[in-house]
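Please have the sequence and the structure open while reading.

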Amino acid sequence: MKKYNILILAAMLLTAAGCENYLEEDTTGLLYGENVLSTQDGLESALTGAYKGLGSQWSYGFIHPGAQAAMLGGDDVTTHPASNKADWREFDQFNPSTTNQRSNAVYNGCYKAIQGANNVINNWEKTVGTKATIDIIVGEAHFIRAFSYYWLVRFYGNIPLITAGEYSDELLTVGKSTPQQVYDLIIADLTVAENNLPNTKRDPGRANKGAAKAFLADVFLTMGGWPLKQTDKYALAAAKAKEVIDNRALYGFELLPTFAAVFENDPASAGTREAVFQISGFAAGSGTANATYGNTTMPGEEGGWDDMFAELNFFRDFPAGPRKDATFRTEFGLGTTKIPWQNSLTKHPYYQKWYIKGNIVTSSISLPSVMMRYPHVLTIYAEAKARAAGGPDQAAYDALNQVRLRGRAAGTKPLAMGSLTAAQFADEVVQERAWEFACERTRWFDLVRLEKVEEANAKKSPDDLQPIKPITKANYWLPLPYTDTSINPNLN
């Protein structure tokens, strides 16, 4: 068992499940070696294995609420102060353990996806088939690897950087790479993806050229902040985001007319054109249903699990308007009798965003986990342009106003060009992102890169969970899982 776990660790496929069940569940699509991947069908199957790492219900990846739990250190989401939420509270109180299964599920899933992507990247040149299709498969593999490493480096900082697709003894002693080394690979991978991928997604759950450009923009924006503080990257972020904005129709992206339409959450829908990249869920497939919606963000009064809900000051400060109405649930009850959130068991508003159309109470649904929405690209451009030399231009104001006016109350006036200094404008964008992407795996990363984690937590309501010790930069990154560090001392 130990060597098998090391193998999966080194090839980045760790799990908390037993060996027998793990092997039964997860070998589909994980095809190794040049002989198996000599055909186009084999290469496509290997790519399917890479995608699978990003989404397995309750096990790893992003189609369960583990990623949200691991970002409770922000100021938008909290959890139950008692009950069975100990692993959730660890993040909100800045005391995550090395055995916490919420963050470890993301870690394991990302490395599982990386292993599958490496398998494609290292073997495609021997594949016989249609060059145009092989190029797309390779582009998607590079995108998946970049996406996975981007999540890992932001969560954990110094991490193992693995480019091998198959196990070797050398991987048992792999060391940690610096964030700079990881970002270098991410940029290289997204550049390949940008060049290889088509303008149109092969299906809603795959990446296209626009998605690669959008994530490059986000990566550059992040590199401009902590810990690298490479401010020259802001201009690159703005330029790449502008490419997406200018070609949004070509890539199939748009800002939907109403915020409510974004979160209609109809199980019959495969997603919206606002999704830049999503991980699709399939309720009829083994382990592929999405558990992010429904039970996890519903109160006990409605048969929910009380896993996560809104922080009080964040809710109270949230600007009134259609976005606030569609973001929060403030009255509870599945029948005709409703109670206000102030009288509920937890005395907190909940996130309407994750309710299923018809208020269905379930944790197994065919809805996607959208990992980036088009307004994210608009705010990347607006903020990056403000932080780059020259400050925000009219296009930056237009980008911010599109997001702002859709969410605010009727009669809200657009921000006029030049009405704010560059610094004020950047702050306005960051705050607008907080409202727009509340409980969408965004706020925590913004606070980290801008070094505002301490400030945000100092403003918490006394009725929310509090950090159990002073916050330092050491709390910006999560500890690597014990399943890794206990086996490989080079990861300590």
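Which residues does Asn118 touch, not counting residues up to four places away in sequence? The model is a predicted one. In it, Asn118 touches Arg145, Ile162, Thr163, Ala164 and Gly165. Asn118 belongs to helix α7, residues 101–121. Its relative accessibility is 0%, so Asn118 counts as buried. One of these neighbours is also a polar partner: the side chains of Asn118 and Arg145 make a polar contact at 2.8 Å.

**Nonpolar cores**

The largest nonpolar core has 133 residues. Phe62, Phe143, Tyr149, Trp151, Phe155, Ile186 and Phe277 are the members that touch the most other members. Helix α8 (residues 131–156) supplies the largest share of this core, 16 residues. A second, separate core has five residues, among them Leu256, Phe259, Phe263 and Ala326. In soluble globular proteins, nonpolar side chains tend to be buried together.

Apart from neighbours within four places in sequence, Ile186 is in contact with Ala146, Tyr149, Tyr150, Val153 and Val219.

**Aromatic rings and charges**

The count of aromatic pairs comes to 34. One of them joins Phe318 and Trp435, with ring centres 5.0 Å apart and planes at 55 degrees, a tilted arrangement. Phe318 lies in the loop between α14 (312–317) and α15 (322–327), while Trp435 is in helix α18 (residues 422–436), so this pair ties together parts 117 residues apart in sequence. Phe318 and Trp435 are both buried.

Ring pairs also link a cluster made up of Phe62, Tyr107, Tyr111, Phe143, Phe147, Tyr149, Trp151, Phe155, Tyr156, Phe215, Phe277 and Phe445. The distances are tabulated here.

**Helix α16**

Helix α16 covers residues 374–387, and at 1.5 Å a residue its 14 residues should span 20 Å; the end C-alpha atoms are 20 Å apart, which agrees. Is this helix enclosed or open to the outside? Of its 14 residues, 12 are buried, so α16 is largely enclosed by the rest of the structure. The buried residues are Tyr374, Pro375, His376, Val377, Leu378, Thr379, Ile380, Tyr381, Ala382, Glu383, Ala384 and Ala386.

**Backbone details in loops**

The peptide bond from Trp226 to Pro227 is cis, with omega near 5 degrees. Pro227 is located in the loop between α10 (209–223) and α11 (233–246).

Which residues other than glycine have a positive phi? Phe94 is one of them, with phi near 60 degrees. Phe94 lies in the loop between α6 (86–92) and α7, and at 3% relative accessibility Phe94 counts as buried. Arg441 is another, with phi near 65 degrees. The place of Arg441 is the loop between α18 and α19 (443–449). Arg441 has a relative accessible area of 7%, under the 20% limit, and is therefore buried.

Technical notes:
Residues numbered from 1 in each chain as written. Predicted model: local features only at pLDDT ≥ 70, side-chain atom pairs only at ≥ 80, totals over all residues. Heavy atoms only, no water. Helix = DSSP H or I, 4+ residues; strand = E, 2+ residues; numbered from the N terminus. Expected span 1.5 Å × (residues − 1). Buried < 20%, exposed > 50% of the residue type's maximum accessible area, 1.4 Å probe, protein only. Phe/Tyr/Trp six-rings, centres within 6.5 Å; stacked < 30°, edge-to-face > 60°. Polar contact = N/O pair within 3.5 Å; in protein donor to acceptor, adjacent residues only side chain to side chain. Contact = heavy atoms within 4.5 Å. Core = buried A, V, L, I, M, F, W, Y, C linked by side-chain atoms within 4.5 Å.
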